[in-house]
Amino acid sequence: MIDGFLRKWILDYSKEYKKKTKTSAKLFAKSSKLHVNGVSHNIRYYEPYPFVVKSSLGKNLVDVDSNKYTDYWMGHWALILGHGPKNVKDSLKKQIEKSWMYGTVNEQTILLSELISKAVPVAEKIRYVTSGTEATMYAVRLARSVTGKKIIAKIDGGWHGYTSDLLKSVNWPFTESESSGVVNEEQIVSIPYNDLEKSLSILKKYSKNLAGVIIEPVLGGGGCIPANPDYLKGVQEFCKKNNSLFILDEIVTGFRFRFGCLYPTMKLDPDIVTLGKIVGGGMAIGVMCGKKEIMEAADTTGKKKSERSYVGGGTFSANPASMTTGFATLNHLKSKKSVYSKINDLGEYTRKEIGKVFDGKVTVTGKGSLFMTHFLKNGVTEVTNSIQAAKCDSALLAKYHFKMIAHDGIFFLPGKLGAISDAHTKADIKKMVKASENFI
Ligand SMILES: Cc1ncc(COP(=O)(O)O)c(C=O)c1O
């Protein structure tokens with residue numbers, strides 16, 4: 001009965017969406033002929049077709065049919081200052097006049113690294129790449145090189161990009177392989193988030209050959225779930241005792257809640273930290289940084305092949321455009337820390353208000369400016385790990401998001417968590433809350 005109602009309802013919103021996105025439909029049909037699934041990142045596709053973007057500014061995305069959407073996807077959560085903030089744009093324009101690609105050492109990189117190393121105490125040495133995927137791939141290689149061990153533990157639901165080294169137990173059911181074509185999956189083991197006892201009992205089984213554990217301090221793709229600090233401390237302690245590296249993936253959380261990483265607020269001492277998204281200021285970036293003695297395993301000078309960890313960077317690593325937008329973004333955040341209190345407060349307000357709207361039927365997880373609505377199902381009453389998140393009604397969440405796209409001029413990537421930027425205001429959040437009321 002309810003399913004029938006939902007089906008009719010979603011058809012109505014599909015009709016409304018199709019009516020206002022006719023140019024997108026035509027362009028996306030072209031895109032589908034040219035690209036796998038029509039997209040270049042699996043998650044960007046949604047039914048019936050994603051709208052095609054023409055431009056973006058501030059809090060808004062504008063599609064090719066000139067529909068405007070208040071954006072909560074914010075460039076995969078990278079755009080903490082909103083789309084095209086003036087200071088970042090001006091810096092980039094100036095840099096582009098000089099050039100956007102040198103392929104050599106440049107001063108822009110040094111400027112960005114000075115900011116990062118002061119704000120992230122563990123970043124005694126830094127290596128840039130052009131995506132988070134590469135950063136975590138190299139972090140794993142480094143951990144294996146330094147420890148001489150092979151196995152990497154990750155979290156059920158942990159997403160660290162598409163690297164084959166970590167492509168396991170990402171999506172429910174966590175026991176199934178994520179992809180064909182991945183080799184050596186037995187060298188990735190999976191532990192449950194926020195369950196120290198179970199995690200330690202699994203880690204102990206592999207301790208002899210455990211090169212490291214990689215964890216996000218707020219599980220992003222796995223459900224926007226903050227880690228319990230004692231959980232992270234317990235895993236870190238195990239790593240230290242066992243000569244395994246403790247790797248924190250702060251690609252989402254780095255510079256998201258404060259000027260720096262999340263780990264110092266939990267009194268953690270990771271060996272390697274990976275960064276990305278925000279630190280690139282909207283341009284391609286990935287960062288691997290960590291303690292000097294560990295990072296120096298990647299120093300190739302005067303070492304035999306067997307002694308070094310051959311960690312890359314690549315053609316576009318530390319390109320002056322990404323370094324400039326990253327620097328302009330971090331510099332702005334450093335001088336205007338009120339951005340954090342503003343967006344963290346808006347996040348708190350959002351979680352509270354959406355929770356009220358759906359009164360008992362949802363739990364809204366997150367931290368600071370990140371939030372995700374979980375429609376409770378299958379006996380789940382709280383979401384503290386990705387198993388509980390996976391049991392919630394993700395299809396209903398996608399419909400809720402799609403209704404906002406079709407009807408309210410609000411964009412969430414259907415089914416994904418939302419990010420608030422400095423370009424958003426309380427009035428925007430109120431509009432989204434209103435749109436949530438209409439969904440009921
Ligand atoms: C925690 C985390 N690590 C790594 C990645 C991969 O980064 P990228 O998409 O830049 O390769 C992501 C991307 O969403 C992420 O959320």
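Residues are numbered from 1 along each chain as its sequence is written. The model is predicted, so local features need pLDDT of at least 70 and side-chain atom pairs count only at pLDDT 80 or more, while totals for chains, interfaces and linings use all residues; side-chain values use heavy atoms, with hydrogens and water left out.

The protein has two parts. Domain 1 gives 34 residues to the contact, and domain 2 gives 35 residues. Contact here means heavy atoms within 4.5 Å.

The size of an interface is often given as the accessible area lost when the parts come together. Between domain 1 and domain 2, the buried area is about 2800 Å². Carbon and sulfur atoms give 66% of this area. Buried area is the accessible area (1.4 Å probe) that two parts lose on being put together, summed over both. Which residues of domain 1 lose the most area to domain 2? They are Trp77, Lys337 and Tyr340, and together they make up 21% of what that side buries.

How many salt bridges are counted between domain 1 and domain 2? The count is zero. A salt bridge is a side-chain nitrogen of Lys or Arg within 4 Å of a carboxyl oxygen of Asp or Glu. Polar contacts do cross the interface: 16 residue pairs are found, both residues at pLDDT 80 or more. A polar contact is a pair of N or O atoms within 3.5 Å; within protein, one must be able to donate a hydrogen and the other to accept it, and residues adjacent in sequence count only if both atoms are side-chain atoms.

On the domain 1 side, the elements that give two or more residues are α3 (74-77), α11 (338-357), β13 (362-367), β14 (370-375) and α12 (386-391). Helices (H or I, at least four residues) and strands (E, at least two) are DSSP runs, numbered from the N terminus. By class, this side of domain 1 has 19 nonpolar, 13 polar and two charged residues. Ala, Val, Leu, Ile, Met, Phe, Trp, Tyr, Cys and Pro count as nonpolar, Asp, Glu, Lys and Arg as charged, and the others, Gly among them, as polar.

## Salt bridges

Side chains of opposite charge can pair when their charged atoms come close. The count for the model is 16 salt bridges. The table shows some of them.

| Pair | N to O distance |
|---|---|
| Arg144 and Asp165 | 3.4 Å |
| Lys291 and Asp271 | 3.7 Å |
| Lys403 and Asp408 | 2.8 Å |

Arg144 sits in helix α6 (residues 132-147), and Asp165 sits in the loop between β5 (151-155) and β6 (188-191), 21 residues apart. Arg144 is buried at 18% relative accessible area, whereas Asp165 is partly exposed at 23%. Buried means under 20% relative accessible area, exposed over 50%, and partly exposed in between (1.4 Å probe, protein chains only).

Lys291 lies in the loop between β12 (286-290) and α9 (292-295), and Asp271 in the loop between β10 (245-249) and β11 (272-275), so their pair ties together parts that are 20 residues apart in sequence. Lys291 is buried at 14%, and Asp271 is buried at 9%.

## Asn385

Asn385 is in the loop between β14 and α12. Is Asn385 buried or exposed? At 16% relative accessibility, Asn385 is buried. Leaving aside neighbours within four places in sequence, Asn385 touches Tyr193 and Ile225. Asn385 and Ile225 are 160 residues apart in sequence, but their C-alpha atoms are 6.7 Å apart in space. The Asn385 side chain also reaches two backbone nitrogens: that of Ile387 at 3.0 Å and that of Gln388 at 2.9 Å.

The peptide bond from Glu47 to Pro48 is cis, with omega near -5 degrees. Pro48 lies in the loop between α2 (22-34) and β1 (53-57). Trp172 and Pro173 are also joined by a cis peptide bond, with omega about -5 degrees. Pro173 is in the loop between β5 and β6.

Met74 is not a glycine, yet its phi is positive, near 45 degrees. Met74 lies in helix α3 and is buried at 0% relative accessibility. Asn378, also not a glycine, has a positive phi of about 55 degrees. Asn378 lies in the loop between β14 and α12 and is exposed at 56%.
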